[in-house]
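Try each task before reading its solution.

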Amino acid sequence: MMATLYTTLIVLLLATGSFFVFLGGFSLVKLSTFFHRIHGPTKASTLGVGCILLASVAYHTVYGSGLHPRELLIAVFVFMTAPVSAHLMSLAALSLMEGRPDDPSHTMDPEGHIRDDADERAEREAREAVEGRDDG
Amino acid sequence: MAILAAMVVVGSAMLFSLWRLIRGPSAPDRILALDTLYVNTVAQLVLFGMLLDSSTYFEIVLIIAMLGFFGTVVLSKYVIRRDIVE
C-alpha cells in the first residue's frame, strides 16, 4: 500500500517536471521575440527541474541508498541563480535594442528589433576612434 | 519506465533549445538557449542517476549547474559592456 503511494507520488512529480521542462523548451521555439521567449525557460523550466529533483530525492530515499541532501542543494542553487541570470540576459538584450531612451520611465516596445551586428559596430566604432585620433 | 519517458521528454526540450541556439537571430537569444540547455542537462543527468540508481551524478550535476550560471553571467556581461574584466 505504502509502496504504491510512493510510486504514484514519484510518477506524478516526474510527469509534472518533464511537462514543465518541455513547455520551457517549446516556448523557446514557438514564441516570436526575445522578451516573450525569456519567460518560458526561466520560469517553467525552473519549476520543472525543481519537480524532477524532488522526485529524485523521493526515489533515492525510498528505493536507493538513503536521503542525499546534495540534491536539495542543487535545487536551492537552481532556484537562486535562475532569476539572476534571467535579469542579466534581459539587460543584455536591452543594451542591444535600437533607439533606447535615457528616460527609464519610458517602456520599451517588446517587439522592438534587437541588433545582431553588435561585433561589427564595436569594431567600426573602435576603428573610427583610432582614425579620428590620427587626424587630430 | 516513467523515468525513461521523462528522459525522452526532457531530451526533446534539449533539442528545442539546441535549435534556438543554432538559429537564434541575436546574441541574447543564443545566451538564453545555452542557459536553457544547461538547466535541461541538470534535469537529464538527475533522471539518468535515478535510472542507474547511483548517487555518483550529483556532484557532476552541481558542477554543471554552477558553471552554467557563471557562463551565463559572463556572456551577458560581455554583451552589455563588450568587456569581461573591468
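**Exercise 1.** Which residues in helix 1 of chain A meet which residues in helix 2 of chain B? Then work out how the two helices are oriented.

Solution. Keep in mind that this is a predicted model.

Step 1: From helix 1 of chain A come A:Val21, A:Gly24, A:Gly25 and A:Leu28, and they meet B:Ala33, B:Thr36, B:Asn40 and B:Ala43 of helix 2 of chain B.

Step 2: Now take the axes. Those of helix 1 (residues 2-30) of chain A and helix 2 (residues 27-52) of chain B come within 11 Å and cross at roughly 160°. Angles over 145 degrees count as roughly antiparallel, so helix 1 of chain A is roughly antiparallel to helix 2 of chain B.

Step 3: The crossing of these two helices is left-handed.

**Exercise 2.** How many residues of chain A are in contact with chain B, and which helix supplies the largest share?

Solution. Step 1: The contact joins 45 residues of chain A to 44 residues of chain B.

Step 1: On the side of chain A that touches chain B, helix 4 of chain A gives the largest share, 14 residues.

Step 2: That side divides into 27 nonpolar, 13 polar and 5 charged residues.

**Exercise 3.** Where does B:Asp53 lie, and is it buried or exposed?

Solution. Step 1: Look in the loop between helix 2 and helix 3 (57-81) of chain B, where B:Asp53 lies.

Step 1: B:Asp53 has 11 other C-beta atoms within 10 Å, so it is exposed.

Step 2: Phi of B:Asp53 is positive, near 60°. Most residues other than glycine have a negative phi.

Definitions and conventions:
Residues are numbered from 1 along each chain as its sequence is written. Chains are lettered from A and ligands numbered from 1 in the order in which they are written. This is a predicted model: local features need pLDDT of at least 70, side-chain atom pairs count only at pLDDT 80 or more; totals for chains, interfaces and linings use all residues. Axes are lines fitted to C-alpha atoms, for helices over the stretch in contact, and angles run from 0 to 180 degrees between N-to-C directions. Helices (H or I, at least four residues) and strands (E, at least two) are DSSP runs, numbered from the N terminus. Angles under 35 degrees count as roughly parallel, over 145 as roughly antiparallel, 65 to 115 as roughly perpendicular and the rest as oblique. A crossing is left-handed if the near helix is turned anticlockwise from the far one by less than a right angle, and right-handed if clockwise. Two residues are in contact if their C-beta atoms, placed from the backbone, lie within 7 Å. Ala, Val, Leu, Ile, Met, Phe, Trp, Tyr, Cys and Pro count as nonpolar, Asp, Glu, Lys and Arg as charged, and the others, Gly among them, as polar. A residue is buried if 20 or more other C-beta atoms lie within 10 Å of its own, exposed if 12 or fewer, and partly exposed in between; C-beta atoms are placed from the backbone.
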